[in-house]
Amino acid sequence: MHIPDGYLSPRSAAALYVISAPLWALSLRSVRRNLRRRRVALLSLLSAFSFLVMMFNIPLPGGTTGHAAGGVLIAILVGPWAALMAVTLALAVQALFFGDGGVLALGANAFNIGFVMPFTGYLVFRLFRGAAGPGDRRFAIAAAAGGYAGINIAAFFVAVELGLQPLLHHLPDGTPFYAPFTFGVTIPAMVIPHLVIAGAAEAILTGGVAAFLGKYHPELFEKGSGAPR
Amino acid sequence: MKYRTGWIVLLILAILTPLGIIAAGGAWGEWDLDGVRDRAGFVPEGMRASTDGRTESPFKEYTVPGLDRSFFHEGLGTIITAILGAGITALFAFAVARIARHGGIS
């Protein structure tokens, strides 16, 4: 799901930086206002968690691999705005030190994995959660549903951004200039494996950790803990 | 240390990361230029011109230079990069969150 450099046109990459920049500013503002002092260490821990989770590649149908990202779980614990910060920093380290995802594409990757995934997943979690509290079965199921939805919607956004490239940038004879495949290829290639396997991995991770922490450390989700209600 | 158990869990995750490189193949749409040629039949001009981040990163694709002679070496390299990367990420996040909250790291 990490778009490397060269796949997006400089213009597309810049456009996604322009979209992500104000989101990063809002994330900083939200952390300043809502993240309590003792939760700074938790945000730091969760950011490292996201980095590590993305290293666990699992085989997907079609001979490719994918991984969970942890963004929805982080959103449930510290809120989606703080999750954007945590995941963006993990992506930045991946791009700068490990060549995983491009530096020019960081705006795009942060938008997809850091913004779209935690926010849509968190929304689904809130819709499913109802009045359930940490430790309730429904709480964990809602978390799993959020994880499943979040990673799939993010995969769809990646497919759209890649699929747009040959339509936006091609030679006069129609030869693609950057990422070569259009929606007919990118959407099934990204979405189907995520619907089947990677989404399940994210759901198990998100639901499992939410169930465990909800049962043994419900204080992490308490009112006033910094987690949004 | 705050969230001590959490940090221990992360260390265990880091030690387990070699499991994450067993899966055959790479992610869809994250190919190097040869991979693009294999799948599209050609390398688009704009892609060829771009500097692929992979070639410049110090620990490209989570490997440590020199640690590539055996699967054991590779696994060790993966663990080293996992600890290094997670550590740097944690420090970045700590610094940014502190700065956001206080306008300074101290």
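Biologist: How many residues of chain A are in contact with chain B, and how many residues of chain B do they meet?

Modeller: Please keep in mind that this is a predicted model. Two residues are in contact here if their C-beta atoms, placed from the backbone, lie within 7 Å. By that rule, the residues that meet across the two chains number 53 in chain A and 51 in chain B.

Biologist: Which element gives the largest share of the side of chain A that touches chain B?

Modeller: The elements that give two or more residues to this side of chain A are α1 (10–34), α2 (40–53), β1 (58–60), β2 (64–66), α4 (80–98) and α7 (183–216) of chain A. The largest share is 11 residues, and the element that supplies it is α2(A).

Biologist: What ipTM and pTM does the predictor give the complex, and what is the mean pLDDT of chain B?

Modeller: For the complex, the predictor gives an ipTM of 0.92 and a pTM of 0.94. Within chain B, 91% of the residues reach a pLDDT of 70 or more. Among the elements of chain B, the mean pLDDT is highest in helix α1 (residues 4–16), at 96, and lowest in helix α3 (residues 45–49), at 87. The mean pLDDT of chain B is 87.

Biologist: What is the radius of gyration of chain A, and what would a compact globule have?

Modeller: Chain A is built of 7 helices and 2 strands, which follow one another along the sequence as α-α-β-β-α-α-α-α-α. The C-alpha trace of chain A spans about 60 × 35 × 30 Å along its principal axes. Because chain A has 229 residues, a compact globule would have a radius of gyration near 17 Å, and the value for chain A agrees with this, at 18 Å.

Biologist: Is N152(A) buried or exposed?

Modeller: N152(A) lies in helix α6 (residues 137–168) of chain A, and, leaving out residues up to four places away in sequence, N152(A) touches V191(A), H194(A), L195(A) and G199(A). A residue is buried if 20 or more other C-beta atoms lie within 10 Å of its own. Since N152(A) has 21 other C-beta atoms within 10 Å, N152(A) is buried.

Biologist: Which residue of chain A is in contact with A14(B)?

Modeller: A14(B) is found in helix α1 of chain B, and A14(B) counts as buried because 23 C-beta neighbours lie inside 10 Å. Leaving aside neighbours within four places in sequence, the contacts of A14(B) include I79(B), A82(B), I83(B) and A86(B). The contact of A14(B) in chain A is L52(A).

Biologist: At what angle do α4(A) and helix α5 of chain A pack?

Modeller: Two packed helices are described by the angle between their axes and the distance between the axes. The axes of α4(A) and α5 (residues 106–129) of chain A are 9 Å apart, and the crossing of these helices is right-handed. The residues of this contact divide into 14 nonpolar, 3 polar and no charged. The angle at which α4(A) and α5(A) pack is about 150 degrees.

Biologist: How many of the residues of helix α3 of chain A are buried?

Modeller: Helix α3 (residues 71–78) of chain A is mostly covered, and its buried residues pack against α2, α4, α5, α6 and α7 of chain A. Just after α3(A), G79(A) takes a positive phi of about 95 degrees. The number of buried residues in α3(A) is 8 of 8.

Biologist: Where in chain B does E61(B), a residue with a positive phi, lie?

Modeller: Phi of E61(B) is near 50 degrees, a positive value in a residue other than glycine. Because E61(B) has 16 C-beta neighbours inside 10 Å, E61(B) counts as partly exposed. Its place in chain B is the loop between α3 and α4 (71–102).

Definitions and conventions:
Residues are numbered from 1 along each chain as its sequence is written. Chains are lettered from A and ligands numbered from 1 in the order in which they are written. This is a predicted model: local features need pLDDT of at least 70, side-chain atom pairs count only at pLDDT 80 or more; totals for chains, interfaces and linings use all residues. Helices (H or I, at least four residues) and strands (E, at least two) are DSSP runs, numbered from the N terminus. pLDDT is the predictor's confidence in each residue, from 0 to 100. A residue is buried if 20 or more other C-beta atoms lie within 10 Å of its own, exposed if 12 or fewer, and partly exposed in between; C-beta atoms are placed from the backbone. The radius of gyration is taken over C-alpha atoms; the globule rule is 2.2 Å times the number of residues to the power 0.38. Axes are lines fitted to C-alpha atoms, for helices over the stretch in contact, and angles run from 0 to 180 degrees between N-to-C directions. A crossing is left-handed if the near helix is turned anticlockwise from the far one by less than a right angle, and right-handed if clockwise. Ala, Val, Leu, Ile, Met, Phe, Trp, Tyr, Cys and Pro count as nonpolar, Asp, Glu, Lys and Arg as charged, and the others, Gly among them, as polar.
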